[in-house]
Structures are given as structure tokens and as C-alpha cells.
Amino acid sequence: MGAQANTVDKAWTLHTPERVLAARDLVGNDFSLCYQCGLCTGSCRTAYAMKYTPRQIMNLLQLGREDEAVAGGSGLLCTACFSCTFRCPRGVAVTDMMTAIQRRTLAEKHADPHIRRFYRAFLRTVERHGRFHEAEFLVRYYAPNPLRLRDELRLGLTLLMKGKVTLKAPKVKSQKGIAAMFRKAAEIEGRP
Amino acid sequence: MKYVYYPGCSASGTSKEAEESLQAAMRALGVEWTELEDWNCCGAAVAIGTSYLLSLALPARNLALAERAESDLVTGCSRCFMNLIRAVHYTHENASVREEVNELLAETGVQYSGKARLRHLLDVIINDVGLDVVAERVTQPLDGLRVAPYYGCCQGMWTYAQFDSTEDPHCFDQLLATLGAEVVDYRLKTACCGGTLSMSRRSVGARLIGDLLAAADDADCIVTACPLCLFNLNSFQREAGKIKGTHFNIPVLFLTQIMGMAFGLPKKALGLQRHVVPVDGLYEKIAAGAAVSSSAASASGAR
């Protein structure tokens, strides 16, 4: 199994997911290798809540129906734990494809605003400070919907009292350079 | 032994006790750590939802910093480990990804060539320090304490494949047994805790946490190898209990906290006062366990 496993391993990383999605005829690569065994779905802890399971999404991709996969919103439930990728007997980068769907869904206008705000608020603090800043994240995440913050009050106060959340922002010397990395990534990937 | 260490945002924030206890336990074992200078967030499970390139370049910057310091990199966070090792593999296998990642890294004045090796804390403790050295340091064995090791998903096969079974790892069990604990085996020990779903979609995140807590319910406490799992399993027991129709009250500790307890280190140095679910009851259980085993020892001695 050893030698074959190595060549299959490398198929994970030959193309970025966007390129794989863009060129559907990459035969012998990635999701086209999937033979629908369902080990990915069996390994997925959030599959129970998905409209399309990972196996079904691989199938939709093979059929060129990725828009349905994106609209189904299942990508938002991927925790990027990589269990499906580790276990796939065909060496398909299932997690990379699931998160590619996730990116597409989050970029859509009709994406669940609460989840979209979660991703934006989290990354914005990293862009601004180089590290995650809990307090600023909570403000950004809950500001448009303060009622939701009420549900978090008990935990928030506990964390504050136990010294786990501080108002002081983290300090990284290369913060400007890291912010520039964010801009460069958007430029290369053609994101607004 | 000298290491450059990457704490990550979770261990330096909402799971501060992981960081505090890690420093204390490593000092007790005589391991020298320096924190990676000017480290940045690895992107958690969030960067990947926005940008494929950032999900590789953010962790790669930390590897580049380690490379500049001419050192291997150790992390005690499985989520960070997963992102870092993914950056190692993907930039190694794919020249165009490597080029684009380095194009991003150039913005902060560093480059990553793939030289820095990545290690997980559990790997370092078991394979570099060694269980015999850990055993020598134990002054307060965890007699009678039933402990469930939670390996989590994120170290995945890339770590365990080097020294343990990938689907059914046992290295953590051996560490806990060395501390004198009774190890509780349970299904889901390598299943995902939901990561950031506890924040982005609470109903699903809490169910995953609830399933895990229920599976390990037989134990006196759960011990994690990841600060993010530590935060999740500690903070959402109420919500998880509601979904599972029960009430959870299981102490959840980080692996260096339980090591520190067995080493007899002060509670405060291990950050034990920071837990959402109080852990004080564990000391009583250990004392009771010690009394049982010493009376058993004297009884067998009398015979």
C-alpha cells in the first residue's frame, strides 16, 4: 500500500481547489477519483445537519452541479478537521473541496448573515492585530444583533472574571506586513 | 533540550490555563522553551472560509520565523498544528502554491523554504522527554482518578503516523497511566469537537460537544491535547446538556495541567482557578484513591 499511498497523497495538493473547480476536466485528479464509498460522510461529525453530505457534494462536483452544492449551504458546517481527507481511500482532498464550497457560499449575497459575520469579524481582528482579539471579535460579531449577546452574557462574564478575555489588543511587530498579506491574497485570488 | 514554542491565540487567550500549565510542567521537566518571536494567528478554522492562500500563508509565516531562528517549532495546540502541518505539506508538494505563499510572506520580510520541522507537544513529551523522565517527576500519583484522554481530530494522521496508530492512538493513554491515572477508553476519542461551530452555529456545535461528553461520562475528568477543545468542552456543557436532555458537570483539563497535578505543582501555576467547570473535586478523589492504595499496601504488607 505504501508506494501507492504516496502518489495518492500528492494528488491532494496538485491544484488549488479553485483551479480544480475551474477546470472540470482534470481527470485523474481530486474529486474525479471519488468512487462514492461514503467514508467521508461516515467520518464527518456534522454530516447529520447537512443538506448534502460530503459524499453527495463530491458527486455534485463530478456532475458539474457545484452551484447546487454552494446553494445547499452544507459547506458552512465543515469544521476543517480533515478526517475525511485523511481517510479517503482515493486520496481525494475532500476537506479542500468542502472548504472551497464554503468560501463560495460565504461569498454569496444570500449567505446566512450571522455565520458570514462570524468569519468576517474573526479574520478582521487578525488582519488588524496579527492575532485573534476576543473582545473586539465579540463587539464586531454581535454589534448588529445585540439581542444575541444576551445569550452569551453568562459565559462572557465568566470568561472575563476568570481572566480569559482581556480588553487589551494583542501586539505583533509585523502587524502592517500581515495586513499587507491579507490585501495581497485578495489581489491574487481576485476577491473584492 | 531547547525548543521554540508557538502558543497560538487560544492558549494565550480563552485557554490561558493551557499556556500557564505548559510553562510550569515543562520547567519541572527541565525542558527549555523560548516563545516564537512575533508569531501570528494561524487562521484557526476560519481563514480557510475566506481565502485558500491565507489559510496556508498565515501558518507558513510562523514556520518561516522558526526557520529564521534555525529551530524546529513546537505547538501545544492541535488546531494550530493542523494548519501548520498543512502549510508544510502543501508548500512542499505544490510549487505554485509555494511561490504564492512566499509572495505573501515577502510582505512581512520572511520566506519559507520548508526546513523548519513541526512537532506537537504530546510528541515532544513522549518521544523526546520520555515517559521514564515523566515518571521520575511524579510526586502525587493520580491514584484512583478515572481520566478520559481526548486526542481530538486535528493532530490527525500526520502526527500519529510517526509514532502511533492513526485510527486508535494510545500514546496519550500511556502518558496518563504514567501519572498513575486509570485510563478510560471511549469511542469518539479522536472525533472533532466542532471547533469554531460552537460560536458560528451553536446548535450543531453543542450537539457535537454533548455527544463527546456523554461518551466520556464514565470518567472523573477529560484531558485534552488542544486548548481549543479545552475551551469548547468546558464552556458549553450547559447548552450541550440541554440538547442531550441531561446535565453535564465534567471537569475538563489540558494535558499539562494534569501532569502538573501529578508533579505536585501549585494549583495557581496550573491555572486551575480559571475553569468554567470547577476541578477542585479531583484533588479529593486523588486523596481518597491514595488512602485506598496505601491501606491496601499496608494490608498486604501485614500479611
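In which helix of chain B is B:Ser200 found?

## Basis of the report

This is a predicted model, in which local features need pLDDT of at least 70, side-chain atom pairs count only at pLDDT 80 or more, and totals for chains, interfaces and linings use all residues. Residues are numbered from 1 along each chain as its sequence is written, while chains are lettered from A and ligands numbered from 1 in the order in which they are written.

## Residue B:Ser200

B:Ser200 belongs to helix H9 (residues 197-200) of chain B; helices (H or I, at least four residues) and strands (E, at least two) are DSSP runs, numbered from the N terminus. The residue is buried, with 25 other C-beta atoms within 10 Å, where the cut-offs are 20 or more for buried, 12 or fewer for exposed and partly exposed in between, C-beta atoms being placed from the backbone.

Not counting residues up to four places away in sequence, B:Ser200 touches A:Ile115 and A:Phe118. Contact requires C-beta atoms, placed from the backbone, to lie within 7 Å.

## The interface

In chain B, 47 residues are in contact with 49 residues of chain A. Several helices of chain B each supply at least two residues of the side that touches chain A, among them H9 and helix H10 (202-215).

## The sheet of chain B

Four strands of chain B form an open sheet with parallel pairing, in the order E6-E5-E7-E8; strands pair if DSSP finds at least two bridges between them. Strand E6 (182-183) and strand E8 (252-254) stand at the edges with a single partner strand each, so one side of each is left without a neighbour in the sheet.

Note on methods:
Contact = placed C-beta atoms within 7 Å.
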